[in-house]
Each structure stands twice: as structure tokens, then as C-alpha cells.
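Dear colleague,

I am passing on a structure for you to look through, and below it I have set out, with some care, what was found.

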Amino acid sequence: MFVKAIERVSEFTRPIHIITRLYNQAEIRPGAATLFFINENGDAITCKHVADLIVNVGAIQQHYARFMAEYRKILREPQHDYLRQRLEEQFNMKLGTVIGQKFDFINCFESLSQIHVTYHPKYDLALLRFEGTGQKFFQRPAEFVADGASAKPGKSLCRLGYPFAEYTNFRYNSDLDDIEWVRTNNQVTPSFPIDGIVTRYIADESGTPFAIEMSTPGLVGQSGGPLFDTEGTVYGMQQSTRHLHMGFDMVNHDVWVGGTHRAKISNHPFLHVGVCISADIIKEFLRQHEVKFYMKKR
């Protein structure tokens, strides 16, 4: 049903690769997010929570650099362990604290020089305005649905994003005490579609409908990816997943496990549904900032 649409949407949807380094952990964590281009100028949209990561990367790196500068002063002190603990408390350094991140915008531009980020004042939505030189590697921009109200309950729609970070082109550079990208052939994360039907519209506290709820979840890494119909027309952007308690609770339920033995099982199931910022909200945001975009002709 969505074969041709996925091919079309893949022309303007791109992954953001994210590598993360945590305090007191040697392993580098790969991750991904999604953006899609809305015009030929290189303007794209994604979620605000994705754009926050991009905006804050410099501050995280500077904070860790200040911590390390102070730490080097106490390396040979006799009360090293105590002073280090005090320093960790001062800089809020604990197990799992992010101390470094790097981003790679895959198949977007030949050379990227700067990114300007504009946040929606209310919703989890951000505009990315890229400045780059050389070739652009996206073929065509997105086309939005003219009337978002046509996404009625029961309508089949699909999302495309990059939930599975399968790339390995990164490493830790001990000389620089930093993480970095390595240019190899394995720097591609395959896209992943997930379809469903519209269940309902979600309204904010003022009663304004701003998001489309889907019967299937959006996966981690699909945030910022387009929601589209069988023609590839964009109806919204994947933003989050809600977890609705179904009420089918089982406590100490007696079941056969693997056909070999009985066990007591407790289970509290939830229905995981996707939340997508609607195309009408996105279009109004772009109009306010005088950003060019396209709508599907009726």
C-alpha cells in the first residue's frame, strides 16, 4: 500500500546520527533521529527535543572541559579521592551524565557550515535552516496536505524514520579525550516505516487540536520523521509515543512457560500509540517565519 509513497518520502527524509559519551563509561552510545526537508533551500523540520540536542552540544563539551581543567589540578593531591568527589558534586558529574555528543547529518549536503534553529513557542517542533556549500543530496521537498482535517479516524497513514542505529563509524580518541567520526563505508542507518490508522486528534489545554494520534507507536529514532498517506503527502511529523494503560492486569497468573514448567506471571499491559504534530500546525509555523513550503494540489 505504501511502497511508492515510501520511495517518494525517502527523497526528502534524512537521518541524524548521534554518538554520546557518558561520564565514567567507556562505551560510546550510537543513536539516531530524523528530519525532513520542506524546500529546495535546505530548510527542514524536526522535533524540538531533537533540535535541543544539537543546540546544547557546545555547552556540554565546554562544561566537561571546565571539569577536566579543575580535575587536573588535584591529580597529585594526597586527598585525591575526596577532592574528586567534591569536584564531581560541584559539576554534577555522576554515572550516566552526558559529557560529549557529536552529530552527523547523513546525505544532506556536500559541506555544511552552519545551522540556525527556530523553536515553535508551544509545541515539540523546530525549524532547521542549514547553510552549506556544494551539492544537496535530497532530491525533492515534502508536500503537505492542504487540509489537515482530512486525517479522520480510520484513515491509514505511515511514518518513516531511523530507529535502529546500525552504524559503527565512530571511536574514542584518547589523545584528544574525545569521541569522533571515522569515515568508513558503514555510516548508513536503514530507514524503517511503520503504518497504522488515525485514532483521534489530540488537543492542548486550550482545546486546540495540534496532534494526530496513531494506532501504532512511533519508535525511538523516528522523532522528526514525516507522517504520510499512500501518495507520499505529508500529514504531520512523528513527535512521541503515549502509553495507555489497558486495564488487562494479571497478578501472579499461573501459566506454562516454554511448555516445560509452570510459573507465576504478573503483567500490566499498555497500548503504545504514536503522537504526530499535525500538518496544519507545521504549516502555520512556517508561514509565521516566512519559510517556503509546498502543498499537494487537490
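In which loop is the place of Asn39? Asn39 lies in the loop between strand S2 (28-37) and strand S3 (43-46), where strands (E, at least two residues) and helices (H or I, at least four) are DSSP runs numbered from the N terminus.

Before going on, please note that this is a predicted model, in which local features need pLDDT of at least 70 and side-chain atom pairs count only at pLDDT 80 or more, while totals for chains, interfaces and linings use all residues. Residues are numbered from 1 along each chain as its sequence is written, and side-chain values use heavy atoms, with hydrogens and water left out.

Asn39 is buried, with a relative accessible area of 0% (buried means under 20%, exposed over 50%, and partly exposed in between, with a 1.4 Å probe and protein chains only). Its side chain reaches the backbone oxygen of Lys292 at 2.9 Å and the backbone nitrogen of Gly42 at 3.4 Å. Leaving aside neighbours within four places in sequence, Asn39 is in contact (heavy atoms within 4.5 Å) with Phe138, Pro141, Val291, Lys292 and Tyr294.

Asn92, by contrast, counts as partly exposed at 48% relative accessibility, and it sits in the loop between helix H3 (80-90) and strand S4 (98-105). Its phi is near 55 degrees, a positive value in a residue other than glycine. Asp177, in the loop between strand S9 (170-173) and strand S10 (178-181), also has a positive phi, near 50 degrees.

Key:
A polar contact is a pair of N or O atoms within 3.5 Å; within protein, one must be able to donate a hydrogen and the other to accept it, and residues adjacent in sequence count only if both atoms are side-chain atoms.
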